[in-house]
Amino acid sequence: MPLYEYDCDECQQTVEILVRNPAEQPACPDCGTTKLEKRFSVPAAPAIGGAAGLPISSGEGCGAPRCCGGGCDL
């Protein structure tokens, strides 16, 4: 069952929602609205053999909220 990230137009929160049925209209868990915009998100790299996941970027983060460690090249 996929976990998606959404931006809520009403309360301006970014939320993660487990979507069990693709036909289901998700609602914001904070305010209850269905006015959500799906965010583009990158899946996590799988851990192989008990090791940590593979790094996506070796650069320093930009410090912005939700920074992925330098992959945005800001």
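This is a predicted model: local features need pLDDT of at least 70, side-chain atom pairs count only at pLDDT 80 or more; totals for chains, interfaces and linings use all residues.

Visitor: Okay, zooming out a bit, how many helices and strands does the protein chain have?

Guide: The protein chain has three strands and zero helices, so its pattern, read along the sequence, is simply β-β-β.

Visitor: And in what order do the strands sit in the sheet?

Guide: The three strands form an open sheet in the order β2-β1-β3, with antiparallel pairing. The edge strands are β2, covering 14-18, and β3, covering 36-38, and each of these pairs on one side only. From one strand to the next, the twist averages 40°.

Visitor: How many bridges join β1 to β2?

Guide: There are five bridges between β1 and β2, and these two strands run antiparallel. If you want to find this pairing in the view, look for Glu5 standing opposite Glu16 in β2, and for Leu3 standing opposite Leu18 in β2.

Visitor: What about β1 with β3, how many bridges there?

Guide: Strand β1, which is residues 3-8, pairs with β3 over three bridges, again in the antiparallel sense. Here you can look for Cys8, which stands opposite Leu36 in β3.

Visitor: Going back to β1 and β2, what do they form together, and how many residues are between them?

Guide: They form a hairpin with five residues between them. In the loop between β1 and β2 you will find Gln12, whose phi is near 60°, a positive value in a residue other than glycine.

Visitor: Is Gln12 buried or exposed?

Guide: Gln12 counts as exposed, because its relative accessibility is 62% and the cut-off for exposed is over 50%.

Visitor: New topic: how many aromatic pairs does the structure hold?

Guide: The structure holds one aromatic pair. The rings of Tyr4 and Tyr6 have centres 6.5 Å apart and planes at 65°, so this pair is edge-to-face.

Visitor: Why does the angle settle that?

Guide: A pair of aromatic rings is described by the distance of the centres and the angle of the planes. Planes over 60 degrees apart count as edge-to-face, and the planes of Tyr4 and Tyr6 are at 65°, which is why the pair gets that description.

Visitor: Are those two tyrosines buried or exposed?

Guide: Tyr6 counts as buried, at 8% relative accessibility, whereas Tyr4 is partly exposed, with a relative accessible area of 29%. Tyr4 also has Lys38 lying over the face of its ring, at 4.0 Å from the ring centre.

Visitor: Now the loop between β2 and β3, where Pro26 is found. What does Pro26 touch?

Guide: Leaving out residues up to four places away in sequence, Pro26 touches Tyr6, Ile17, Thr33, Thr34 and Leu36. Pro26 is buried, with a relative accessible area of 8%. The C-alpha atoms of Pro26 and Leu36 are separated by 7.8 Å, and these residues are ten residues apart along the chain.

Visitor: Last one: of the residues of the protein chain, what percentage count as buried?

Guide: Of the 74 residues of the protein chain, 15% count as buried. The accessible surface of the chain comes to about 5,800 Å², and 52% of this surface belongs to carbon and sulfur atoms.

How values were computed: Residues are numbered from 1 along each chain as its sequence is written. Side-chain values use heavy atoms; hydrogens and water are left out. Two strands pair if DSSP finds at least two bridges between them. Helices (H or I, at least four residues) and strands (E, at least two) are DSSP runs, numbered from the N terminus. Axes are lines fitted to C-alpha atoms, for helices over the stretch in contact, and angles run from 0 to 180 degrees between N-to-C directions. Rings of Phe, Tyr and Trp (its six-membered ring) pair if their centres lie within 6.5 Å; planes under 30 degrees apart count as stacked, over 60 as edge-to-face and the rest as tilted. Buried means under 20% relative accessible area, exposed over 50%, partly exposed in between (1.4 Å probe, protein chains only). A charge sits over a ring if NZ of Lys or CZ of Arg is within 6 Å of the ring centre and within 35 degrees of the ring normal. Accessible areas come from the Shrake-Rupley method with a 1.4 Å probe; for residues, only the protein chains shown count as cover. Contact means heavy atoms within 4.5 Å.
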